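Thank you for making time this morning.

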Amino acid sequence: DPPPEISTAGMPMADFTPPQLVSPKAFEALTRIPIQIVFGDYVRDQPRDQYHSVLWRRVAQRAEQFAKAVNTRGGNVEILHLPDAGLRGNTHFPFADLNNLAVADKLSEFLAKHGLDGWRDLRNG
């Protein structure tokens, strides 16, 4: 089912962030894997009416809709806003920013929480 439309105060964003609809079978597959979505700064912290700020706020809202749809059907989608985790100064490429090791640690925590960090077993012998 398509999610509700998101108002953008007259800015022409609908064409850039439409929901990507898939078959029920494909969507069901998403409920069987843990998913983490990561956002850097300026998505919620300092909302502005500039194009890029509106765009990223809308992308984050679409991510919230996606998470709700998957989680309602028994899935496990987690949205991590890095400022909420005490990490600031990130762009929309948080794994390429100067604090990328701290960002990677957050991913490692997520993987460990879901038993998906088997590489540690390999590294520790």
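Predicted model: local features only at pLDDT ≥ 70, side-chain atom pairs only at ≥ 80, totals over all residues.

Let me start with Thr-31, which is buried, with a relative accessible area of 12%, where buried means under 20% relative accessible area, exposed means over 50%, and partly exposed lies in between, using a 1.4 Å probe and protein chains only. Residues are numbered from 1 along each chain as its sequence is written, and side-chain values use heavy atoms, with hydrogens and water left out.

Thr-31 sits in the loop between helix 1 (24-30) and strand 1 (34-39); helices (H or I, at least four residues) and strands (E, at least two) are DSSP runs, numbered from the N terminus. A polar atom of the Thr-31 side chain lies 2.5 Å from the backbone oxygen of Glu-28. If we set aside neighbours within four places in sequence, Thr-31 is in contact (heavy atoms within 4.5 Å) with Val-70, Arg-73, Gly-74 and Gly-75.

Val-70 also belongs to the largest nonpolar core, whose ten residues are Phe-27, Ile-35, Ile-37, Phe-39, Ala-60, Ala-63, Ala-67, Val-70, Val-77 and Ile-79. Such a core is a set of buried Ala, Val, Leu, Ile, Met, Phe, Trp, Tyr and Cys residues joined through side-chain atoms within 4.5 Å. Strand 1, helix 2 (51-72) and strand 2 (76-81) each supply at least two residues of this core, and helix 2 gives the most, with four. Within this group, Ala-67 touches Val-77 and Ile-79, residues up to four places away in sequence not being counted. As a general remark, nonpolar side chains tend to be buried together in soluble globular proteins.

Not counting residues up to four places away in sequence, Arg-62 touches Pro-3, Pro-4, Glu-5, Ile-6, Thr-17, Pro-18 and Pro-19.

Turning to the whole chain, the protein has four helices and two strands, and from the N terminus on its elements run α-β-α-β-α-α. Of its 125 residues, 31% count as buried.

How many salt bridges are there? The count comes to three, a salt bridge being a side-chain nitrogen of Lys or Arg within 4 Å of a carboxyl oxygen of Asp or Glu. One of them joins the side chains of Glu-28 and Arg-32 at 3.6 Å, N to O; Glu-28 is partly exposed at 40%, whereas Arg-32 is exposed at 58%. Another joins Lys-113 and Glu-78 at 3.0 Å, N to O, and this pair links distant parts of the chain, with Lys-113 in helix 3 and Glu-78 in strand 2, 35 residues apart. In the case of Lys-106 and Glu-109, whose side chains meet at 3.6 Å, N to O, the two are separated by about one helical turn because they are three residues apart in helix 3.

I will finish with Leu-107, found in helix 3 (residues 100-113) and partly exposed, with a relative accessible area of 31%. Leaving aside neighbours within four places in sequence, Leu-107 is in contact with Gln-36 and Phe-95.

Methods. Polar contact = N/O pair within 3.5 Å; in protein donor to acceptor, adjacent residues only side chain to side chain.
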